[in-house]
Amino acid sequence: MPKRDHRENITESVARGKALWEDNNCVGCHSLIGEGAYFAPELGNVYDRRGGEAGFKAFFNGWMKAQPLNIPGRRQMPNFHLSDQEIDDLAEFLKWTSEMDTNNWPPNIEG
């Protein structure tokens with residue numbers, strides 16, 4: 001697995017982001033590399049899907065702070081009231097996840 005998971009690139013920020021992922025039970029709604037719930041979008045490729053280096057962190061910060069969107073008929077993500085540092089750490093974890101060799105999972109950019 002080390003050749004696929006690039007564990008040598010785990011930073012303190014990535015580790016803190018993974019802890020936030022677990023502490024907030026994100027997998028209870030989202031899937032990550034196909035594992036988890038299917039209530040909300042797959043996030044293993046959200047970094048690429050939402051702009052990569054060029055725009056992911058700005059998108060992700062805004063998205064997390066805007067929740068819940070309160071759009072009628074749409075599933076609602078709660079606001080976890082994370083600090084800017086926590087949002088950045090979670091973003092770093094999702095970025096790290098997107099860089100794993102997942103054998104082309106998910107099969108399309110929409111997850």
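## Aromatic pairs

Rings of Phe, Tyr and Trp (its six-membered ring) are taken to pair if their centres lie within 6.5 Å, with planes under 30 degrees apart counted as stacked, over 60 as edge-to-face and the rest as tilted. The structure holds four aromatic pairs. One of them joins Y47 to F56, edge-to-face, at 5.3 Å centre to centre and with 70° between the planes. The rings of F56 and F60 are stacked, because their planes are at 25°, with the centres 5.3 Å apart.

Y47, F56 and F60 form one aromatic cluster. F56 and F60 both lie in helix α4 (residues 52-66), four residues apart, or about one turn; helices are DSSP runs of H or I with at least four residues, strands are runs of E with at least two, and both are numbered from the N terminus. F56 is buried at 1% relative accessibility, and F60 is buried at 6%, where buried means under 20% relative accessible area, exposed over 50% and partly exposed in between (1.4 Å probe, protein chains only).

H30 is found in the loop between α2 (12-23) and β1 (31-32), and its relative accessibility of 12% makes it buried. Beyond its neighbours within four places in sequence, H30 is in contact (heavy atoms within 4.5 Å) with residues including W21, E35, P41 and M77.

## Basis of the values

The model is predicted, so local features need pLDDT of at least 70 and side-chain atom pairs pLDDT 80 or more, whereas totals for chains, interfaces and linings use all residues. Residues are numbered from 1 along each chain as its sequence is written, and side-chain values use heavy atoms, with hydrogens and water left out.
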